[in-house]
Amino acid sequence: MAKGYWVSAYRTIADPEKLAAYNKLAGPAVEAAGGRLLALGSRVLAHDAGIAERTVLVEFDSFEQAVAAHASAAYQEALAALGDGVERDFRIIEGLD
């Protein structure tokens, strides 16, 4: 079964306090849903139209698990804390195998 991934590329961080509140809730929510943090990079080299800002990569055992984790009540609470504190491109993608 192909793994699922969350890929989050931040464009701007407008409110670091909201991001900190999100991080406090999101980490446990992701872990409880079976996610594994693979990269939490503040050191980013961007090419093409990319922006060199924080990038996060989370792995799940399946695409379906990744989708369910995002829909979970615990992660939705984290998103509410984040609010308009950042602008980011968040994607859930399926791995190759």
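Select Glu59 and Arg36 and show their side chains: the two form a salt bridge, with the closest N and O atoms 3.2 Å apart. A salt bridge here is a side-chain nitrogen of Lys or Arg within 4 Å of a carboxyl oxygen of Asp or Glu. The pair links distant parts of the chain, since Glu59 sits in strand β3 (residues 55-60) and Arg36 in strand β2 (residues 36-41), 23 residues apart. Glu59 is buried, at a relative accessible area of 11%, whereas Arg36 is partly exposed at 31%. Buried means under 20% relative accessible area, exposed means over 50%, and partly exposed lies in between (1.4 Å probe, protein chains only).

Salt bridges with shared partners join Lys3, Arg36, Glu59 and Asp61 into one network.

This is a predicted model, in which local features need pLDDT of at least 70 and side-chain atom pairs count only at pLDDT 80 or more, while totals for chains, interfaces and linings use all residues. Residues are numbered from 1 along each chain as its sequence is written, and side-chain values use heavy atoms, leaving out hydrogens and water.

Next, select Glu87 and Arg11. Their closest N and O atoms are 3.7 Å apart, and the two form a salt bridge. Glu87 belongs to strand β4 (residues 86-94) and Arg11 to strand β1 (residues 4-13), so this pair ties together parts that are 76 residues apart in sequence. Glu87 is partly exposed, with a relative accessible area of 43%; Arg11 is also partly exposed, at 37%.

Then move to Arg91 and Asp89, a salt bridge whose closest N and O atoms are 3.0 Å apart. How many salt bridges are there by this rule? The count comes to seven.

Switch to a cartoon view. The protein has three helices and four strands, in the order β-α-β-β-α-α-β along the sequence. Helices (H or I, at least four residues) and strands (E, at least two) are DSSP runs, numbered from the N terminus.

Finally, show the whole chain. Its C-alpha atoms fill a box of roughly 35 × 30 × 15 Å along the principal axes. Of the 97 residues, 30% count as buried. Among contacts (heavy atoms within 4.5 Å) between residues at least 6 apart in sequence, 77% join residues at least 24 apart.
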